[in-house]
Amino acid sequence: MNVNEDLSYAFTLNRQWLWIFGIWPDPDIPLSEFRRPNIRFIIVTCTVILYVTAPQMMNVIRAWGDVSRMVENFASMNFSLLAACKLLVTWYHGETLRPLMASITSDWMTSTSNWERSTMLKIARRGRSLSFRCCMAAVGTIIFYISFHLLRFFKNIHQPRRSLVYRFETIQKSPTYEITYFIQLSGGTYSVLANYTVDSFVSILVLHMCSQLINLRTTLNNLVNELVSKSISSSRFREGLAAIVVRHEHLIRNAKTIDGCYSSVLFVHVLAATFQMCVITFQVFTIVTDNLNVPVIRMIFLSFYIALVLTNMYAYCYSAERLITESTKMAYGVFECKWYDLPPKNAKDLMFIVYRSKMPLKLTAGKFGIFSIEMFAIALKTSMGYLSALLTMRG
């Protein structure tokens with residue numbers, strides 16, 4: 001496969017959607033042109049903020065005191081605001097992400113050994129699997145979201161008082177009403193796609209760092225074995241070890257770049273996902289306990305919505321957990337190789353790797369928390385605690 005096919009395989013649909021949104025950090029575009037906001041990015045971001053987030057924020061304020069209405073409006077406001085934040089952060093840090101994408105391109109170009117390529121493809125398949133699950137949840141959410149609101153649109157089209165996707169009472173005249181309705185419908189769709197795309201993109205970036213750490217650990221083990229078997233000289237060993245140390249430092253910088261770009265928005269993501277799980281579960285609980293006559297399409301939509309929030313959160317937690325594990329294994333890789341058969345001077349040189357692996361690489365949530373499977377469980381537990389508080393308030 002060529003590099004474009006490799007990147008398409010690794011990033012699946014993310015590359016196309018990020019390009020459509022105008023935020024794909026393409027290293028081949030001239031920097032002067034890249035710094036200008038893309039018209040597609042401006043249109044999508046403004047649609048999400050002005051036609052979804054802003055109306056729902058006003059509706060939350062208007063519904064103050066009515067817990068059920070507040071929760072319903074807050075859910076869409078919260079989700080769209082998170083999508084806008086992710087779009088803005090990815091665009092803002094695009095210049096920083098370009099060298100990272102160039103580095104990933106170089107990794108696929110320079111991986112000539114079968115075992116290196118096999119490791120990269122194995123991790124890429126795991127990333128594709130996570131991305132596919134997120135995609136299925138996103139597609140299901142979008143299909144039933146559009147179906148529900150189109151049915152409501154055709155049902156109420158001849159009514160004297162017609163409601164928009166997101167309530168905005170002053171707009172009733174045609175064709176302003178119809179145009180606004182479909183722009184709001186587009187804004188909700190953009191919110192789902194933006195959340196799915198950026199979440200999958202970041203998790204695949206992190207998993208790529210994991211594959212490079214695995215390859216580096218194998219390279220170190222092979223280098224030690226060659227010196228032990230006297231296939232190479234001591235000077236060649238030091239040259240190879242120096243290259244491994246430089247490469248390790250490069251991977252550490254790349255991992256810190258990803259964390260530096262997305263740490264703040266991931267803090268927002270953790271809070272938003274926790275509240276989102278709470279409010280969606282509250283809506284489902286209310287529908288079931290009050291025996292409300294709710295369309296089946298809406299119930300299916302809420303089910304996919306829950307799956308989307310959970311899979312996106314899990315993608316971050318799984319990839320971050322894998323990064324912690326693989327970065328720590330670099331130090332264990334030194335202990336597990338045949339260092340005891342090396343000359344003392346060469347064995348001491350291995351301490352450079354151990355020292356750099358002392359602090360595991362991680363993906364943080366605003367420096368307040370570290371993404372891991374444990375965080376995924378804590379977020380679920382916290383959201384259920386908030387649900388209990390909401391049910392008590394409604395009580």
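Helix 7 gives the most to the lining of the largest pocket, with eight residues. Helices here are DSSP runs of H or I with at least four residues, numbered from the N terminus. This is a predicted model, in which local features need pLDDT of at least 70 and side-chain atom pairs count only at pLDDT 80 or more, while totals for chains, interfaces and linings use all residues. Residues are numbered from 1 along each chain as its sequence is written, and side-chain values use heavy atoms, with hydrogens and water left out.

Let's stay with that pocket for a moment. Its volume is about 790 Å³, and 35 residues line it, with Glu72, Phe148, His149, Arg152 and Arg298 lying nearest the centre. The elements that give two or more residues to this lining are helix 4 (39-62), helix 5 (67-92), helix 7 (114-156), helix 8 (176-228), helix 9 (234-289) and helix 10 (296-336). On the definitions: the search uses a 1 Å grid over the protein atoms alone and a 1.4 Å probe, and a pocket is an open set of points with protein on both sides within 12 Å along at least five of seven lines; lining residues have an atom within 4 Å of a point. Grid points are joined across faces, edges and corners, and the volume is the space filled by probe spheres set on the points.

What is the lining made of, by class? There are 17 nonpolar, twelve polar and six charged residues. The nonpolar class is Ala, Val, Leu, Ile, Met, Phe, Trp, Tyr, Cys and Pro, the charged class is Asp, Glu, Lys and Arg, and the others, Gly among them, are polar.

Now for the nonpolar packing. The largest nonpolar core has 105 residues, and Phe11, Phe201, Tyr262 and Phe371 touch the most other members. Helix 8 supplies the largest share of this core, 21 residues. A core here means buried Ala, Val, Leu, Ile, Met, Phe, Trp, Tyr and Cys residues joined through side-chain atoms within 4.5 Å. Buried stands for under 20% relative accessible area, exposed for over 50%, and partly exposed for in between (1.4 Å probe, protein chains only). Take Phe201: leaving aside neighbours within four places in sequence, its contacts are Phe11, Asn14, Leu18, Trp24, Pro25, Leu97, Met101 and Tyr262, where contact means heavy atoms within 4.5 Å. There is also a second, separate core of five residues, including Ile123, Leu130, Ile214 and Tyr318.

On to the charges. Side chains of opposite charge can pair when their charged atoms come close. How many salt bridges does a search of the whole structure find? It turns up five, a salt bridge being a side-chain nitrogen of Lys or Arg within 4 Å of a carboxyl oxygen of Asp or Glu.

One of them joins Lys86 and Asp199, with the closest N and O atoms 2.7 Å apart. Lys86 sits in helix 5 and Asp199 in helix 8, so this pair ties together parts that are 113 residues apart in sequence. Both Lys86 and Asp199 are buried.

Another links Asp107 to Arg247, at 2.9 Å between the closest N and O atoms. Asp107 belongs to helix 6 (residues 94-110) and Arg247 to helix 9, so parts 140 residues apart in sequence are tied together. Asp107 counts as buried because its relative accessibility is 6%, whereas Arg247, at 22%, counts as partly exposed.

Then there's Arg217 with Glu326, where the closest N and O atoms are 3.2 Å apart. Arg217 lies in helix 8 and Glu326 in helix 10, so the pair ties together parts 109 residues apart in sequence. Arg217 is buried at 18% relative accessible area, and Glu326 is buried at 4%. Arg217, Arg322 and Glu326 are linked in a network of salt bridges.

Beyond neighbours within four places in sequence, Val224 is in contact with Phe237, Cys337, Lys338, Trp339, Leu342 and Leu350. The C-alpha atoms of Val224 and Val334 are separated by 9.3 Å, though the two are 110 residues apart along the chain.

Last stop: the loop between helix 8 and helix 9, where Lys230 is found. Lys230 has a positive phi of about 60 degrees although it is not a glycine. With 72% relative accessibility, Lys230 counts as exposed.
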